[in-house]
Amino acid sequence: MIQFYSKCLVSENLLVDDEVAYMKKLREAISPAPSNWFTMTDMCAWSYVSCIHYSTGLSSIQEIKLGSKSLNGTLPSGINNSLLNLKILDLSNNNLTGPLPSFAGLIILQELKLGLNNFTSVPDGCFQGLTHLRELHLDYNANLAPWTFPATLSDSSMLNILTLSNTNLMGSLPDAFHSFRDLEVLDISENSLTGSLPNSFDKLLTLQALFLDKQNKLSGKIEFLSSMTQLKYVGLRGNSFEGHIPDLSNCTKLRELYLDGNQLTGVVPPSLVNLSFLRLVLLDNNWLQGPTPVFKENVNASFKGNGFCLDHPGPCDHTVTTLLQVAEAFGQDQNPQFDKAEPHRNHLTGICHLRELYLGGNSLNGSIPESLTTLSQLKILDVSNNNLSGTVPRFSPNTILNTANNAFLVWSSLPPKASPPPPPSTNGASPTASNTTRHLWIKLDTRGTPGYIAPEVFSRTYGGVSHKSDVYSYGMLILEIIGGRENYHENGGSQTSEVFPDWIYNDLKQGNVPTRCLPLREEENDMVMKMTLVSLWCIQPNPLDRPSISKVIDMLEGSLKSIPHPPKPVLFSSERLISQYSDISYGMEHETSSTTTVDDLEKGTSSASSSPEQKAHSPPNSASLPEFAFS
């Protein structure tokens, strides 16, 4: 398309007045300008300038190519009102400064190369209406004032190459990438972009090179890669991308893949390992799990800082494999954390004997995986307060299952007569999970430090973690000092230290001083009794029922008579649950027994089997506590 004018022509070079005027301003604005720009009157004969000539005798400037000429200066404004037939402008790799002029409306422009300069700002609408633009290079203009990705570039539906790396881009990307049907290179790395990639990103089906890495903090999943079948180079390093590495079996041209420094999880897919043209892959410092990947000999691969089950190639333990299948089945791919009940990095490594698995309140979807039934050591599975559906698998009679508040679960046979009580909520409402982080709380067959950890640290369904969690740990420590490592009863028997607060509480109830290991003088009995009462208050399951640490000090410094008798704490150990609900079975002999109502399941009791002893173990209702109750 040619822009015609009714303005007067300059006779010596047959250019319209506006073009002549702008080229003279450009000559004065840049330094050093080519020498013949000052000696030749025919601007179409100037070095690095090309014109198109028409049969009417009219000429018009089409190309200005001044790349890598060590130019200084500032571009004059008005180019979009003067050089209306400009197709190529190359000013790259110079030292030009100042604000960019607006290029809006230059509908003939095809190539705009401004990279490697020192421009300071981009005006609003600078690239609007560039309907024939094929290449835009603005990369490495680090002095640009913060700006956002130009949504008006959606006018440039013919764009093939877009490089905006290191240009101080801020904020999120607009949902405008469906316009770039022919885009082959997209480089917006080394910026400060945030947020998830827009939905239109998966429309970039012709993309061959994608660079979003370095300094950006983009998030979300990277499933879009599987649809970009022409990809050769991918750089996503140093962002906050999460979820699984998608199936890349259709990306047969992929050569280099940089995914290091993100939050990717799951197993490295075989579709990546088996790519024929792959030469370089970096997966370091993610949350990848499962077996260590084995790439072909000609692939330079690095995957340090992940959570692979072994530090060498080989199959994972059956438990680890099962948990990975569980995570996938539940859609647990958005920033999942497999947290053990012991200090350890949040990865599935070294798990041997999984006994308790708490998945409650995670907004999980899907069905309960059949593979969970193969975990022979599993004693408790809590999947309450989710969005699960489908048929409940048939677990071992030794496994206690809590499925409360999953409206669409279906039992293949009658459910068991009771389920383990869900951890108490701090406000009586159903627990909810965070929208951004999901947790699979895992308890291993261990002793020691985990015994001091407050219940809410294992599962937010008990309440939020706060200073009251430290109060719990303090109480458990004091009780263990008082009671010793073993729980010696009057009859000489012993039992695991996991439930020792029970016999301490029972001794208090009978008026005995609760100690078997400390030699006491008579005058010390009151102090031990006081410490025991305070500690039992400290280990109440509901954080709201525990005193603050300052209140603990006041109680210890006060009189014994001023401390009310605490409720008996509910301890959610596997042994206790099995003892309390020893009649739970998936055997057919129980199918004719009384069933449990929804309310019973939510309360953790059975209308047919609740005993006085079970009721005594129920967590106290805050309203029933004395005025001494803590907040």
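Predicted model: local features only at pLDDT ≥ 70, side-chain atom pairs only at ≥ 80, totals over all residues.
Residues are numbered from 1 along each chain as its sequence is written, and side-chain values use heavy atoms, with hydrogens and water left out.

Let's start with helix 1, residues 17–29. Helices here are DSSP runs (H or I, at least four residues), strands are E runs of at least two, and both are numbered from the N terminus. The expected span of a helix is 1.5 Å times one less than its number of residues. Which residues of helix 1 are buried? They are E19, V20, Y22, M23, L26 and R27. They cover an arc of only 170 degrees around the axis, so they sit on the same side of helix 1. (The arc is that of the directions from the helix axis to the C-beta atoms.) "Buried" means under 20% relative accessible area, "exposed" over 50%, and "partly exposed" in between, with a 1.4 Å probe and protein chains only.

Next, hop to S68, in the loop between strand 5 (59–65) and strand 6 (72–74). S68 counts as partly exposed because its relative accessibility is 48%. Leaving out residues up to four places away in sequence, S68 touches S92, N93 and N94, where contact means heavy atoms within 4.5 Å. The side chains of S68 and N93 are also joined by a polar contact of 2.9 Å. That term means a pair of N or O atoms within 3.5 Å; within protein, one must be able to donate a hydrogen and the other to accept it, and residues adjacent in sequence count only if both atoms are side-chain atoms.

T167 is in another loop, between strand 13 (161–163) and strand 14 (169–171). With 0% relative accessibility, T167 counts as buried. Beyond its neighbours within four places in sequence, its contacts include L138, W147 and E190.

Finally, the cores. A nonpolar core is a set of buried Ala, Val, Leu, Ile, Met, Phe, Trp, Tyr and Cys residues joined through side-chain atoms within 4.5 Å. The largest has 87 residues, and among those touching the most other members are M23 and F103. Helix 1 gives the most to this core, with four residues. A second, separate core of 18 residues includes V471 and Y505.
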